[in-house]
Amino acid sequence: EKLTKKHLVDEYQEDKRKEELKVKSITPRQIRLQLNALGLRQQVEDWVATQPIDIKDWWEFSSRYERNNQVLIDAATHFGFTSEQLDELFMEASKL
């Protein structure tokens, strides 16, 4: 299939719309409820307990969890989440 300029523009605009639909942040309640739903809450709590105090404070006292926060990305990677799965976790948590 020949890629036309219109096709490339349409593809770019679709990617941009998908990016705009991604949830950028969620509340502590939302992330904890979603982790409960996934059966991962205790594993995450146990992992946090082994981390340096800065990460413990981040988990305990954040008023929002930002999707692009490096601590969150590192934790998600530790638990085997792909970027797409993390996006899905945020999307589902945002509904709670």
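1. Glu 92 has a relative accessibility of 28% and therefore counts as partly exposed. The cut-offs are under 20% relative accessible area for buried and over 50% for exposed, with partly exposed in between (1.4 Å probe, protein chains only). Glu 92 forms a salt bridge with Lys 95, and the closest N and O atoms are 3.2 Å apart. A salt bridge here is a side-chain nitrogen of Lys or Arg within 4 Å of a carboxyl oxygen of Asp or Glu. Lys 95 is exposed, with a relative accessible area of 56%.

2. On the basis of these notes: the model is predicted, local features need pLDDT of at least 70, side-chain atom pairs count only at pLDDT 80 or more, and totals for chains, interfaces and linings use all residues. Residues are numbered from 1 along each chain as its sequence is written, and side-chain values use heavy atoms, with hydrogens and water left out.

3. The whole structure holds four salt bridges. In one of them, the side chains of Arg 67 and Asp 87 meet at 2.8 Å, N to O. This pair links distant parts of the chain, 20 residues apart: Arg 67 is in the loop between E2 and H5, and Asp 87 is in helix H6 (residues 83-93). Helices (H or I, at least four residues) and strands (E, at least two) are DSSP runs, numbered from the N terminus. Arg 67 is buried at 9% relative accessibility, and Asp 87 is buried at 16%. Salt bridges with shared partners join Lys 22, Arg 67 and Asp 87 into one network.

4. Another salt bridge joins the side chains of Arg 41 and Glu 45, at 2.8 Å, N to O. Both residues lie in helix H3, four residues apart, which is about one turn of the helix. Arg 41 is partly exposed at 25% relative accessibility, and Glu 45 is partly exposed at 23%. Side chains of opposite charge can pair when their charged atoms come close.

5. Which residues of helix H3 (residues 41-49) are buried? They are Val 44, Trp 47 and Val 48. Seen down the axis of H3, the buried residues fall within an arc of 100°, so they line one face of the helix. The arc is that of the directions from the helix axis to the C-beta atoms. Their cover includes helix H2 (28-38), H4 and helix H5 (70-78), where contact means heavy atoms within 4.5 Å.

6. There are four aromatic pairs. Rings of Phe, Tyr and Trp (its six-membered ring) pair if their centres lie within 6.5 Å; planes under 30 degrees apart count as stacked, over 60 as edge-to-face and the rest as tilted. Trp 58 and Trp 59 make a tilted pair, 6.4 Å centre to centre with 45° between the planes. Trp 58 and Tyr 65 make an edge-to-face pair, at 5.1 Å and 80°. Trp 58, Trp 59 and Tyr 65 form one aromatic cluster. Trp 58 is buried at 17% relative accessibility, Trp 59 at 4% and Tyr 65 at 0%.

7. Ser 62 is in the loop between helix H4 (53-61) and strand E2 (65-66). Ser 62 counts as buried, at 16% relative accessibility. The side chain of Ser 62 reaches the backbone oxygen of Trp 58 at 2.5 Å. Such a polar contact is a pair of N or O atoms within 3.5 Å; within protein, one must be able to donate a hydrogen and the other to accept it, and residues adjacent in sequence count only if both atoms are side-chain atoms.
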